[in-house]
Amino acid sequence: MPSDLVSATIRRGLFTRTVGKRLVFFQKIPSTMDEAARLAREGTADGTVVVAETQTSGRGRFGRNWVSPQGNIYMSVVFRPTIDALPFLSMLAGVATVQTIRKTTGSSPKIKWPNDVMLGGKKVSGILVESVMEGDSVCYAVLGIGLNVNLDPSQNAEISGIATSLEAVAGKPLAREELLRQLLQDLDSLYLKLCQGQTPLEPWRAMLETLGQRVQVSWRNESYVGLAEGIDALGNLQLRLDDGQLLTMTAGDVTLRTS
């Protein structure tokens with residue numbers, strides 16, 4: 001296992017224009033999200049990446065704990081997008097993560113709306129975007145990705161039964177430096193396209209496993225059950241309730257309903 005994942009990644013050849021031009025690595029850190037935000041406030045360049053071997057206070061959506069033992073990928077990227085591009089960063093990350101897994105393992109992951117990457121019905125990667133605005137301008141956005149490479153979910157009751165790892169699915173060891181290199185390059189390619197006005201909406205829509213399913217969406221202590229009918233131009237879920245009403249969900253937790 002590389003002692004410095006970033007150095008090993010660079011040695012394998014990293015060719016990007018924006019994402020990863022500056023790479024910062026920590027053996028242990030409270031949160032890559034917090035460190036990336038600190039760097040952003042100090043004026044670090046668009047595309048700066050923070051990578052950690054372990055996190056002591058990693059977090060996912062809604063402030064939930066992100067279990068962060070050694071041997072996986074924990075990274076956050078500083079972006080300075082336009083306000084029009086900001087809503088697409090989460091989609092961009094989902095598409096890049098799915099593409100990377102496909103290219104490096106041959107597996108075929110799907111995305112559970114809005115941003116969980118799934119393999120065999122279990123979560124293999126999570127995505128988080130946090131941004132700071134000033135008026136109608138984006139000061140910065142931080143995109144976090146946690147990717148389970150050799151995680152053993154059975155070792156943690158919090159995620160046992162709902163999470164998986166790439167190595168568990170592939171049935172063999174995987175080189176994390178290869179995964180990180182490919183992920184940075186896929187993020188970079190999609191971000192350059194986004195900056196030119198080409199959004200990842202359509203490839204992201206094609207990767208969604210949620211559409212056409214009967215689901216329950218939980219949001220702000222409320223639950224809604226219906227058919228996941230589609231997504232709108234910003235990626236919000238269009239949920240058709242049993243009474244015929246169409247709701248547009250901007251966020252929430254999705255659970256598949258079998259009946």
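**Figure 1. Arg220 lies in the loop between β8 and β9 (222-231).** The model is predicted. Phi of Arg220 is near 50°, a positive value in a residue that is not glycine. Arg220 counts as exposed because its relative accessibility is 66%, above the cut-off of 50%. Asn221 is found in the loop between β8 and β9 as well. Asn221 also has a positive phi, of about 65°, although it is not a glycine. With a relative accessible area of 85%, Asn221 is exposed. For comparison, most residues other than glycine have a negative phi.

**Figure 2. The peptide bond from Trp113 to Pro114 is cis.** Omega of this bond is near 5°. Pro114 belongs to the loop between β4 (110-112) and β5 (116-119). As background, most peptide bonds are trans.

**Figure 3. Arg214 and Asp242 form a salt bridge through their side chains.** The N to O distance of the pair is 2.9 Å. The pair links distant parts of the chain, 28 residues apart: Arg214 is in strand β8 (residues 214-219), and Asp242 is in the loop between β10 (237-241) and β11 (246-249). Arg214 has 30% relative accessibility and so counts as partly exposed. Asp242 has a relative accessible area of 57% and is therefore exposed.

**Figure 4. Salt bridges that share partners join Arg12, Glu177, Glu178 and Arg181 into one network.** In general, side chains of opposite charge can pair when their charged atoms come close. One of the bridges is between the side chains of Glu178 and Arg12, at 3.3 Å from N to O. Glu178 lies in helix α5 (residues 176-195) and Arg12 in the loop between α1 (5-11) and β1 (23-29), so this pair ties together parts that are 166 residues apart in sequence. Glu178 also forms a salt bridge with Arg181, where the closest N and O atoms are 2.7 Å apart. Arg181 and Glu178 both lie in helix α5, 3 residues apart, which is about one turn of the helix. An α-helix has 3.6 residues a turn, so residues three or four places apart point the same way.

**Figure 5. Glu178, Arg12 and Arg181 are shown by their accessibility.** Which of these side chains belong to buried residues, and which to partly exposed ones? Glu178 has 22% relative accessibility and counts as partly exposed. Arg12 has 45% relative accessibility, so Arg12 also counts as partly exposed. Arg181, at 12% relative accessibility, counts as buried, since the cut-off for buried is under 20%.

**Figure 6. Helix α2 (residues 32-41) is largely enclosed by the rest of the structure.** The reason is that 7 of the 10 residues of α2 are buried. These buried residues are Thr32, Met33, Glu35, Ala36, Ala37, Leu39 and Ala40. Which strands do the buried residues of α2 pack against? Their packing partners are β1, β2 (49-55), β3 (73-79), β6 (122-134) and β7 (137-147).

**Figure 7. The whole chain has 6 helices and 12 strands.** This view gives the setting for the close-ups. With 259 residues, a compact globule would have a radius of gyration near 18 Å, and the chain agrees because its own value is 18 Å. Along the principal axes, the C-alpha atoms fill a box of roughly 55 × 45 × 30 Å. Buried residues make up 53% of the 259 residues. Of the contacts with a separation of 6 or more, 64% are between residues 24 or more positions apart. The chain exposes about 11800 Å², and carbon and sulfur atoms supply 47% of this area.

**Figure 8. The charged side chains of the chain comprise 27 positive and 26 negative ones.** The centres of the two sets lie 4 Å apart. How many salt bridges are counted? The count comes to 11. Among them are the bridge between Arg214 and Asp242, the bridge between Glu178 and Arg12, and the bridge between Arg181 and Glu178.

Technical notes. Residues numbered from 1 in each chain as written. Predicted model: local features only at pLDDT ≥ 70, side-chain atom pairs only at ≥ 80, totals over all residues. Heavy atoms only, no water. Helix = DSSP H or I, 4+ residues; strand = E, 2+ residues; numbered from the N terminus. Rg over C-alpha atoms; globule rule 2.2 N^0.38 Å. Buried < 20%, exposed > 50% of the residue type's maximum accessible area, 1.4 Å probe, protein only. Contact = heavy atoms within 4.5 Å. Areas by Shrake-Rupley, 256 points an atom, 1.4 Å probe, with all protein chains shown as cover. Lys, Arg positive; Asp, Glu negative; His and termini not counted. Charge placed at Lys NZ, Arg CZ, Asp CG, Glu CD. Salt bridge = Lys/Arg side-chain N within 4 Å of Asp/Glu carboxyl O.
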